[in-house]
Amino acid sequence: NDIKSDVVHVIGVRRPMPLVGLLLARRWNVPFIINFSGGDIPDPNNKESLRIWKEENGTVIEPIKQADKLISFSKGINRLAKKSILKLKKIDVVYAGIDLNRIKRARKKDLSFDYIITARRLFFDKGVDLLIDAFSLVKNQIEGVKLLIVGDGPERSNLERQTKDLDLGKDIIFKGTIELDELFSYLKGAIAHICPSRAEGGGTINFEAQAAGCLAIGSNTGGIPEYIRDGVTGLIFESEDKNDLSKKIIISIKNAILRNKLIKKAQKEVEKYSW
């Protein structure tokens, strides 16, 4: 028996999914929606996205143009998409949703030290090397705070080497890949979550950090400033500027009044993105 869906919704435009989605939608005579997610749209700061785009071979652009509806996770993604695909129809922005109830149920992680955290795929474009450099500057002024790096990827060995070269082996902890509920517990216990990306469509982790009562700090690249409103729901730093990032981290640690004010506002606003 033929299976039929009410709608075909393709998230991400990595080949060959847009073509598969279009063919199914035409077969079933149902609406076809393309959802740009960011990582597979060409971004000069993300070499992997450039490589992916070179493989599209007509199986991506044409189906996108024939979609009944285009949406994305941020205005930043929209700008990249419109640069890569000429005469593109309107793209509506629908920000990423989060499992707010699951975050609320998570138990706060109680460690014997204060810490900041970053949850990233360990790729160059995620900027964790920049965070490590910034953290070394923080340690020159503040003792007793550690950095937890959650996630894995091809840059891990380089990042571990960088940590050793900066003599931060006792202050930076690589947690690797962990369960999502455990991540939420770590976020609840952290002073701040850092999103230091060189390229980022939006960053659901920024909403998750806010919901967990963790100050969100991110770079001013891509869609991050849409997920973290500078001085309102978190702090934004100049991309690639380790000095600016270190200042924002120090502020988050030393200025508890400001930190709690931003966290309180963020927790209220992030409610609208609950599933």
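What follows takes the labels in turn, each with its rule.

Colleague: What should I know about the model before we start?

Modeller: This is a predicted model, in which local features need pLDDT of at least 70 and side-chain atom pairs count only at pLDDT 80 or more, while totals for chains, interfaces and linings use all residues. Residues are numbered from 1 along each chain as its sequence is written, and side-chain values use heavy atoms, with hydrogens and water left out.

Colleague: What makes the peptide bond from R15 to P16 worth a note?

Modeller: That bond is cis, with omega near 5 degrees. Most peptide bonds are trans. P16 sits in the loop between β1 (8-11) and α1 (17-28). Helices here are DSSP runs of H or I with at least four residues, strands are runs of E with at least two, and both are numbered from the N terminus.

Colleague: Why is K87 called exposed?

Modeller: Its relative accessibility is 85%. Exposed means over 50%, buried means under 20%, and partly exposed lies in between (1.4 Å probe, protein chains only). So K87 counts as exposed. K87 also has a positive phi of about 55 degrees, although it is not a glycine. Most residues other than glycine have a negative phi. K87 belongs to the loop between α4 (75-84) and β4 (91-93).

Colleague: How many salt bridges does the rule give?

Modeller: The count comes to 17. One of them joins R156 to E160, at 3.0 Å from N to O. Both residues lie in helix α7, four residues apart, about one turn of the helix. E160 is partly exposed, with 33% relative accessibility.

Colleague: What does the salt bridge of R198 and E240 tie together?

Modeller: The side chains of R198 and E240 meet at 2.5 Å, N to O. R198 is in the loop between β8 (192-195) and α9 (204-211), and E240 is in the loop between β10 (234-237) and α11 (242-254), so the pair ties together parts 42 residues apart in sequence. R198 is at 8% and therefore counts as buried. E240, at 45%, is partly exposed.

Colleague: Which residues form a network with E48?

Modeller: Salt bridges that share partners join E48, R51 and E55 into one network.

Colleague: Why is helix α6 called oblique to α11?

Modeller: The axes of α6 (residues 128-139) and α11 come within 8 Å and cross at roughly 55 degrees. Axes are lines fitted to C-alpha atoms, for helices over the stretch in contact, and angles run from 0 to 180 degrees between N-to-C directions. Under 35 degrees is roughly parallel, over 145 roughly antiparallel, 65 to 115 roughly perpendicular, and the rest oblique. So α6 is oblique to α11.

Colleague: Which residues make the contact between α6 and α11?

Modeller: From α6 they include L130, L131 and A134, and from α11 they include L245, I249 and I253. Contact means heavy atoms within 4.5 Å.

Colleague: Why is S185 called buried?

Modeller: S185 has 11% relative accessibility, so it counts as buried. S185 lies in helix α8 (residues 180-189). Not counting residues up to four places away in sequence, S185 touches A106, R107, K108, K109 and Y115.

Colleague: And what makes V232 partly exposed?

Modeller: V232 has 24% relative accessibility, so it counts as partly exposed. V232 is in the loop between α10 (224-227) and β10. Leaving aside neighbours within four places in sequence, V232 is in contact with L262, K265 and E269.

Key. A salt bridge is a side-chain nitrogen of Lys or Arg within 4 Å of a carboxyl oxygen of Asp or Glu.
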